Amino acid sequence: MAFTYLDHNAGTALAPDVLETMLPYMRQQQGNPSSSHRFGRFGQAAIDKSRAQVARLVNVAPEQVWFSSGGTESNNQALMGVFEQFNNGRVLVSSIEHPAVLEPAKRLKQHGFDVVEIPANADGQITTEALANLLTDDTRLVSVMWANNETGVIQDIAGLTTLTRGEGVPFHCDAVQAAGKLPIDFQAAGVQLISLSAHKFGGPKGIGALIVDKTLDWPAYVLGGGQENEKRSGTENVAAIAGFGSAAEYAQQHLAEYQQHCRKLRDALETALKSITGVTIFAEHSERLPNTVFFALAGFDSDTLLMALDRQGFSVSSGSACGTGRHIPSHVLTAMGIDAPTALGAVRISVNMDNTLEQIQQLAVVLNNEASRFNHLMNR
Ligand code: PLP
């Protein structure tokens with residue numbers, strides 16, 4: 001049986017050339033990139049090249065790229081930077097953020113900050129009105145993601161930052177799901193901090209970056225030997241950094257092709273889904289990532305459908321978290337006002353360049369069969 005991977009928002013395989021770019025930094029003696037001898041310089045040159053490649057992906061100067069261990073660490077550095085600089089004040093985070101933002105936000109609350117969630121509307125969007133209602137003079141940071149990992153909904157970041165620009169309120173954006181899938185222009189978006197992660201767009205796992213506005217002196221989160229211009233200590237993972245740069249360049253060069261291909265597959269899947277009775281496509285009417293479909297099939301909880309699909313060769317993701325043996329509806333769907341039984345059925349399909357229309361057609365047949373079997377049982 002052929003196995004089809006349809007969970008690219010969780011992680012992707014390495015893009016072409018990425019592994020080849022990384023291998024010399026794993027195979028050869030390269031020393032420590034902080035050393036000034038030739039072995040150190042060999043690693044440092046790779047870091048410099050990658051920094052420029054990542055900078056080009058998001059339209060910033062190379063010195064604005066601070067490498068980290070991934071999206072989670074960058075989000076933590078962005079949020080916990082508030083704690084380093086202030087004793088009190090408000091922090092606004094959207095209700096649909098990834099736990100890598102929500103958990104440090106919770107920590108800030110424990111430290112006495114007035115952490116408030118910006119509500120999402122029924123289409124999964126954070127509106128400028130919702131943000132305007134909550135902004136105060138003592139707001140220290142706003143954090144709203146570029147694109148949601150579950151629904152794929154793209155936020156109007158440039159619209160939201162019209163409220164914070166020039167007000168001295170830093171705007172952080174988790175762009176982990178957007179980079180490599182959408183054009184990202186840090187300047188045009190009007191943000192001051194964005195988080196990136198390489199493994200969401202063809203780079204290796206465990207490497208990412210925080211992109212920081214030139215005028216912002218954001219504090220370090222990981223302390224030690226002062227690497228990354230004192231902003232992120234720890235001996236650099238040169239091979240991963242080199243792979244990140246290579247993936248960034250590849251993604252930038254192939255963005256139009258990627259979007260066109262994924263959109264074709266996504267639209268084909270959605271057309272097929274709509275012909276099945278009892279299907280809900282979440283945030284269907286919002287602008288979404290071209291590769292993501294988040295849906296529920298009436299009568300199925302996500303685990304049942306996930307396992308049925310897995311048995312038939314399709315690896316997809318569910319939208320519910322599993323805590324203490326109990327299924328909890330996705331906080332993203334809950335924030336959108338989706339009722340718990342529907343939310344508990346949520347399944348996410350996220351495609352990539354590697355997927356084919358044929359795979360999507362086969363998946364549609366399997367979904368149709370599952371739905372027919374269920375309806376047949378119900379009508380007996
Ligand atoms: N933010 C978003 C929106 C994500 O989807 C993820 C990963 O799933 C992360 C942050 C965490 O990134 P990383 O896996 O690089 O720590």
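Helix α3, which spans residues 71-85, supplies the largest share of the shell around the ligand, namely three residues. The structure described here is a predicted model, and the values below are computed from it.

## The ligand and its surroundings

The ligand sits in the largest pocket. The shell around the ligand holds 13 residues, and those that come nearest are Thr72, Asp174, Gln177, Ser197 and Lys200.

| Residue | Atom in the ligand | Atom in the side chain | Distance |
|---|---|---|---|
| Thr72 | oxygen | N or O | 2.6 Å |
| Gln177 | oxygen | N or O | 2.8 Å |
| His98 | oxygen | N or O | 3.4 Å |

A polar contact requires a pair of N or O atoms within 3.5 Å.

How much of the ligand does the protein bury? Taken alone, the ligand exposes 390 Å², and the protein buries 85% of that area.

## Cysteines

A disulfide is a covalent bond between the sulfur atoms of two cysteines. How many disulfides does a search of the whole structure find? The search finds zero.

Is Cys173 buried or exposed? Cys173 has a relative accessibility of 0%, and therefore counts as buried. Cys262 also has a relative accessibility of 0%, so Cys262 counts as buried.

## Two residues with positive phi

The backbone angle phi deserves attention at two positions. At Asp17, phi is near 75°, a positive value in a residue other than glycine. Asp17 is placed in the loop between strand β1 (4-5) and helix α1 (18-27). The relative accessible area of Asp17 is 52%, and because exposed means over 50%, Asp17 is classed as exposed.

At Ala283, phi is near 55°, again a positive value in a residue other than glycine. Ala283 belongs to the loop between strands β9 (279-281) and β10 (292-297). Is Ala283 buried or exposed? With a relative accessibility of 7%, Ala283 counts as buried.

In summary, Asp17 is exposed, whereas Ala283 is buried, and each lies in a loop.

Terms used. Residues numbered from 1 in each chain as written. Predicted model: local features only at pLDDT ≥ 70, side-chain atom pairs only at ≥ 80, totals over all residues. Heavy atoms only, no water. Disulfide = S-S within 2.5 Å. Buried < 20%, exposed > 50% of the residue type's maximum accessible area, 1.4 Å probe, protein only. Near = heavy atom within 4 Å. Polar contact = N/O pair within 3.5 Å; in protein donor to acceptor, adjacent residues only side chain to side chain. Areas by Shrake-Rupley, 256 points an atom, 1.4 Å probe, with all protein chains shown as cover. 1 Å grid on protein atoms, 1.4 Å probe; cavity = no way out; pocket = protein on both sides within 12 Å on 5 of 7 lines; lining within 4 Å. Sits in = over half its atoms within 2 Å of the grid points. Helix = DSSP H or I, 4+ residues; strand = E, 2+ residues; numbered from the N terminus.
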